[in-house]
Amino acid sequence: MLFHGRLFALQKKSGGLRPIAIGYTWHRLAAKCANSYAISQLGDTLLRMQLGVATPGGREAAIHTTRRYMATMSDDSVLVKLDFSNVFNCLCRDCMLKTIAEQIPDMYKFCWLSYSNATARKFGDSTIWSEEGPQQGNPLGPLLFCLTSHPVIQSQSSDLVLAYIDDVTLGGSNPMVADDVNIITTIVSKYGW
């Protein structure tokens, strides 16, 4: 019961629904503490490429960096922004747990308790079972996603490689960016997204 929670559906501007899971108070409190501990242990592991975690003002930094790149890019350069759909609910939990075991082993037991089994999400009178990915709304969710997807981001060779959680921006020569997009589409399937 500790790892279950309530589910809310927020209307997206573009239509459709965004599921937001709100865990029970004790789990949310423990997740916030685990998140703070993990960030202190990771140091600058995610910095420079993944600005969605442990980077105050990360979204703004990504926007300003992209604008500066666009202002100086040559005529034969391209800029691509990838936004993965429903990625939080699709990330393979086995990959997520393996990453935590390798990167932050002190947190593995908590994450295993949170994500090794399906968790119930109450939506009105219905129960929906969550079996993949960290839930949006979980304080630990962005870190789990970013840490698990970081090898994909690191594998890119474009001149500009930035990610803000699941929004990835690539800039460089057309062939280089095209190769990186192909790499991303090939690799991400093993992560479940």
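**Close-ups of a pocket and a buried glutamine**

**View 1. The largest pocket has a volume of about 820 Å³.** Elements giving two or more residues to the pocket's lining are strand E2 (17–23), helix H2 (58–72), strand E3 (77–83), E6 and strand E7 (167–173). Keep in mind that this is a predicted model.

**View 2. Here's what surrounds the middle of the largest pocket.** There are 31 residues in the lining, and those nearest the pocket's centre are Arg 59, Asp 83, Tyr 164, Asp 166 and Asp 167. Which element gives the most to this lining? That's H2, with five residues. Sort the lining by class and you get 13 nonpolar residues, along with nine polar and nine charged ones.

**View 3. Now we turn to Gln 156, in the loop between helix H5 (141–154) and strand E6 (160–164).** Is Gln 156 buried or exposed? It's buried, because its relative accessibility is 7% and the cut-off for buried is under 20%.

**View 4. Which residues does Gln 156 touch beyond its neighbours within four places in sequence?** With those neighbours set aside, Gln 156 is in contact with Val 161, Leu 170, Asp 180, Val 181, Ile 183 and Ile 184.

Definitions and conventions:
Residues numbered from 1 in each chain as written. Predicted model: local features only at pLDDT ≥ 70, side-chain atom pairs only at ≥ 80, totals over all residues. Heavy atoms only, no water. Helix = DSSP H or I, 4+ residues; strand = E, 2+ residues; numbered from the N terminus. Buried < 20%, exposed > 50% of the residue type's maximum accessible area, 1.4 Å probe, protein only. Contact = heavy atoms within 4.5 Å. 1 Å grid on protein atoms, 1.4 Å probe; cavity = no way out; pocket = protein on both sides within 12 Å on 5 of 7 lines; lining within 4 Å. Points joined across faces, edges and corners; volume = space filled by probe spheres on them. Nonpolar A, V, L, I, M, F, W, Y, C, P; charged D, E, K, R; others polar.
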